[in-house]
Amino acid sequence: MFERVKSIIVKEFIQVFRDPRMRTMIFVSPLIQVLVFGYAANMDVKNVPTAVYDLDNTTESRDLVRAFDFSRYFNVKYHIATDAEQDRLIDKSRVSAVLRLDRGFGRAVQGNRSASFQVVLDATDSNSAGIVLGYAGQIVDGWSARRIRERAEIGSGRPVEAPGVDVRVRTWFNENLESTEYYLPGVIALIVTVMSLLLTAMAIVREKEIGTMEQLIVSPLRPIELILGKILPFALIAVAEMCMLIVVAVFWFAIPLRGSLAVLFGSTVIYLLTTLGIGLFISTVSSTQQEAMLSTFFFFFPANLLSGFTYPIRNMPMLIQYVTYLNPLRYYLVILRGVFLKGTGVSILWPQMAALLVYGLAVIVLASLRFRKTLG
C-alpha cells in the first residue's frame, strides 16, 4: 500500500513542478499576495486630507486649526472661503474632512461662553468617518483643557493644573496599535485556504480532462490509496507555503510570533483536513478546471466574509453569528492570531482545535465517500 501511495505522490509532484505556470502559482503568487496585502491591509486612519473653512479668522480659531494640523491624524491641505469650494472638494474626494469655524467663535471663547464649530466629514466609509470623528473630539478636548489652564494661569499669575482624571492606557498584544499585525495572520490563513482548495480540486479534475483518470481507476490502486496519493502532496505544498509566509511576516513585516510553532503547524495540519476535503468534494462535482475554480470561489468568498477577517463577527446579526460557527476558517483565524499576537497555547485554543478536528474528519470522510462513488 505504501509503495503504491508513494508512487502516486511522486507522480503528483512531477506533474505539478514540471509546469512553470503551476510553480509560479504555488510559490510566487502567495509571496506576491502576502507582500501586497501586508502593505495594503491597513485600517489605520492617519493624515486625513482636510480643508479649513475659517470665517472667524481670529487668534482662537487659528489656534484650534493649528492643533488639528499638528496632530498626526489631520493634514490641512486647503484653506477655502465659500460653500461651493467645500462641496467641490468633498464631491471630488480631495478632502475627507472640513473644519468650519463661523464668525463669533473667538469672541465666544474670550467671553467664557460655549463656542462651537463644525466638522464636515465624507462618511462614504462609515467606519473611517467614525474613527476620524473620535480623533476630532480628542483634539478639541485637549485644546479646551489647555485654554482653560492658560486662562487660569493668567488670572492667578502662577501655573495651574487643570483638574481631571489621569488616564494611563496600557495596550496588550499589539502595543503600537498597528492594524497590519492584526490583519497579516488573517492574510496567511486566506492564502493557505484558497491555495489548498484550488490545488486539490483542479489537480483531480485535470486528470479527468486529459483522460488519465480512467487509467488510475483500472490500476491496482484502491480508492483510499488514490485519495491519499492525491491529497498528501498538496498538504505538503500547503505546509511549505505556510513556512514561506511565516518567514515573510516575521522577518519582513516584523509581525511578532509569540506562540509555539508546534501549535501553529499542528493546527494548520488539522485545518488542511477541511480544505483538502472540500477540494476533493469539488473535484467530484466538476468536469472541467473552470468549473472547479468557480466552485472553489463560490465556497471561499462566503467563508471569508463570515470568518471575522474583515468584519467583526460580534457586529453581525445574531442569526449570521450562529451561521459563522459552521465556518472552519473562523476557528483557524482565532488560532493564528492567538499564536502570533498573544502567544496562547493548546490550553486556551483547544476548543478551536477540537472544532477544526471534528469538521476536518467529517469533511474528509464525506468527500472520500463521494470520491469512491464517483470512481465506481
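Visitor: Why is R100 counted as buried?

Guide: In this predicted model, R100 has a relative accessible area of 17%. Buried means under 20%, so with 17% R100 is classed as buried.

Visitor: What makes the contact of R100 with D83 a salt bridge?

Guide: The closest N and O atoms of R100 and D83 are 2.9 Å apart. The criterion is a side-chain nitrogen of Lys or Arg within 4 Å of a carboxyl oxygen of Asp or Glu, so the pair qualifies as a salt bridge. R100 belongs to strand β3 and D83 to helix α4, so the bridge ties together parts that are 17 residues apart in sequence. D83, at 38% relative accessibility, counts as partly exposed.

Visitor: Which residue meets R100 through the side chain of D102, and in what kind of interaction?

Guide: The side chains of D102 and R100 meet in a salt bridge, at 3.2 Å from N to O.

Visitor: How many salt bridges does the structure hold, and which residues are joined into one network?

Guide: The structure holds four salt bridges. Bridges that share partners join D63, R66 and R146 into one network.

Visitor: What makes the pair D63 and R146 a salt bridge, and which parts does the pair tie together?

Guide: The side chains of D63 and R146 come to 3.0 Å, N to O, and the limit is 4 Å; the pair is therefore a salt bridge. D63 lies in helix α3 and R146 in helix α6 (residues 126-156), so the pair ties together parts that are 83 residues apart in sequence.

Visitor: Why are D63 and R146 placed in their accessibility classes?

Guide: D63 has 12% relative accessibility and therefore counts as buried. R146 has a relative accessible area of 26% and is therefore partly exposed, because that class lies between 20% and 50%.

Visitor: How do you know that the span of α3 agrees with its number of residues?

Guide: At 1.5 Å a residue, the twelve residues of α3 should span 16 Å, and the end C-alpha atoms of α3 are 16 Å apart, which agrees. The buried residues of α3 are E60, S61, D63, L64, V65 and F68.

Visitor: Why is F68 called buried, and which residues does F68 touch?

Guide: The relative accessibility of F68 is 0%. The cut-off for buried is under 20%, so F68 counts as buried. Leaving aside residues up to four places away in sequence, F68 touches F74, L99, F117, A136, I139 and V140.

Visitor: Why is α7 described as largely enclosed by the rest of the structure?

Guide: Of the 32 residues of α7, 28 are buried, so the helix is largely enclosed by the rest of the structure. Its span agrees with expectation as well, because the 32 residues of α7 should span 46 Å at 1.5 Å a residue and the end C-alpha atoms are 46 Å apart. Just after α7, G211 takes a positive phi of about 85°.

Visitor: Why is S93 called exposed, and what is the phi of S93?

Guide: S93 has a relative accessible area of 54%. Exposed means over 50%, so S93 is exposed. Phi of S93 is near 60°, a positive value in a residue other than glycine. Most residues other than glycine have a negative phi. S93 is placed in the loop between α4 (83-91) and β3 (97-101).

Key. Residues are numbered from 1 along each chain as its sequence is written. This is a predicted model: local features need pLDDT of at least 70, side-chain atom pairs count only at pLDDT 80 or more; totals for chains, interfaces and linings use all residues. Side-chain values use heavy atoms; hydrogens and water are left out. Helices (H or I, at least four residues) and strands (E, at least two) are DSSP runs, numbered from the N terminus. The expected span of a helix is 1.5 Å times one less than its number of residues. Buried means under 20% relative accessible area, exposed over 50%, partly exposed in between (1.4 Å probe, protein chains only). Contact means heavy atoms within 4.5 Å.
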